[in-house]
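Colleague: I have some questions about how the labels on this structure were reached. Can we take them one by one?

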Amino acid sequence: MKPFEYTRARDAGDAVARFRAGAMYLGGGTNLVDLMRLGVAEPDHLVDVSRVGGDRIEPGGDGLLIGAGVRNSDLAAHPVVRERYPMLARAVLAGASGQVRNMATIGGNLLQRTRCPYFQDVSKPCNKRQPGSGCPAVAGDHRNLAILGHSAGLEAAAQCVATHPSDMAVALAALDAQVHVTGPDGSRVVPMPGLHRLPGDEPDRDTVLRPGDLITAVELPPPPPGRSTYRKVRERASFAFALVSLAAVLDVGRDGTVRGCRLALGGVAHTPWRAARAERALTGAPATAEEFTRAAGAELAEAQPLPRNGYKVTLARNLIVATLQELLP
Amino acid sequence: MGDVTVRVNGTPHSLDVDSRMSLLDLLRERLGLTGTKKGCDHGQCGACTVLIDGRRAVSCLALAVAQDGADVTTVEGLAADGALHPLQAAFIERDAFQCGYCTPGQLCSAAGMLGEAGPSVVTEDLTADPPLSAAEIRERMSGNLCRCGAYVNIVAAIGDVAAAGGAADMATAVTGTAR
């Protein structure tokens, strides 16, 4: 690990003031410390933001304001989250392990990096880690990587088929969460899923944040009407990243038609993938398996599977249909 | 380098540490507490699990310099007054290990887990605090790998303690030894 200077920030303003080029913010460290050990992240200065005070969950408007320093396990165990945002509680509990959830923060969860094997291996090229060096995943091991919104079709120096690994971010995308950010240019609010960006020709940029920006809180609007859940398909029963996951809300009227729905997919793209086409296709339609299949098809018509991850298209479609059926009243 | 003061198993230590040092290496290399094991060093195996301020954590991903003021309990601190911690006794009774390398992490993880409130991802009703069935124990202990495959007996041992003591009592017992 490259030597670095360590300082602890008192509050968010202090953290931003201490930030300079080459620095990184340290939350729970569960991803960053690992990346530093792998040589993927090489900050020369760590600004520890774990004690800046953003560790509370408070009512905010008709929703909830979650401090960025709240630990994942505390968010999932919070009575209001369990009762009003079960999809979020389930998504958080589906991620990592008990130990890691005790350490990892909400802000850090959002900003964790892809687990693409080439990104994590400094002996390999990677456009995300080293812009312009190429993407071995396009012709290599991409079984777990993206089927939507990737840049495999661009020139070699821009290609990226990484996925965002967070479960929580998928639920936040479905809930229209607002991410509060403070930085050198002041404070602003970034709506999910707009925090994360598709690779385009800058795959090294995971998010729209700028150097020195610090996530201070995540605001949840009131939960949308209807029943909701989070389902995750993975290769072992626990402590594994998603092959495909789904945050879903379904609101069915008395006449059996869909009044509203929210669908967000995980494990399929560089961002949590809000399935807006499927939502539009389903709203006002009869709440039947046929319509669920049609809506899933509308979304996945955009998919560009790679030679060895076409199974994700089928998996995503089946997951959408099965989960919506589970949510029928 | 940086100064850090940590309490480990009730004893305060003030050390000047390299900012790159993990809490795991601090425990093993600086304090000679080798009960905590280094498995993967990437947070994936759980062998290095300790309790930080009463909560289980993987010490390999915790930078020592960031733990200033923390109260750490390692496997060496679980037994109190010469008596084995109930989990240690249950692991022996149930033969819940073979090579033993993952055991300190399993014990600290279970001790922390028994004090954790709330549901897991396999809990049907998220608003209830479920009893610790075998399925709940398996899910909640999934951060601790055992390459000998002693899982069946590990789950049984933890189940015995959960049934006998109740989660709240266990949490008190663990944090009681730490403070």
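Predicted model: local features only at pLDDT ≥ 70, side-chain atom pairs only at ≥ 80, totals over all residues.

Colleague: Why is the pair A:R8 and B:D68 called a salt bridge?

Modeller: The closest N and O atoms of A:R8 and B:D68 are 3.9 Å apart. The cut-off is 4 Å between a side-chain nitrogen of Lys or Arg and a carboxyl oxygen of Asp or Glu, so the pair qualifies. The count between chain A and chain B is 4 salt bridges.

Colleague: How many residue pairs are in polar contact across the interface of chain A and chain B?

Modeller: The rule finds 25, with both residues at pLDDT 80 or more. On the side of chain A that touches chain B, α6(A) gives the most, with 5 residues. That side of chain A divides into 18 nonpolar, 9 polar and 13 charged residues.

Colleague: What area is buried between chain A and chain B?

Modeller: About 3,000 Å², with carbon and sulfur atoms giving 53%. In contact are 40 residues of chain A and 39 of chain B.

Colleague: Which residues of α3(B) meet α5(B)?

Modeller: B:Q106, B:A110, B:M113 and B:L114 do. Their partners in α5(B) are B:I154, B:I158, B:V161 and B:A162. By class, this contact has 7 nonpolar, 1 polar and no charged residues.

Colleague: How do the axes of α3(B) and α5(B) run?

Modeller: They come within 11 Å and cross at roughly 40°. The crossing is right-handed.

How values were computed:
Residues numbered from 1 in each chain as written. Chains lettered and ligands numbered in written order. Heavy atoms only, no water. Axes fitted to C-alpha atoms, helices over the stretch in contact; angles between N-to-C directions. Helix = DSSP H or I, 4+ residues; strand = E, 2+ residues; numbered from the N terminus. Left-handed = near helix turned anticlockwise from the far one by under 90°. Contact = heavy atoms within 4.5 Å. Nonpolar A, V, L, I, M, F, W, Y, C, P; charged D, E, K, R; others polar. Buried area = accessible area lost by both parts, 1.4 Å probe. Polar contact = N/O pair within 3.5 Å; in protein donor to acceptor, adjacent residues only side chain to side chain.
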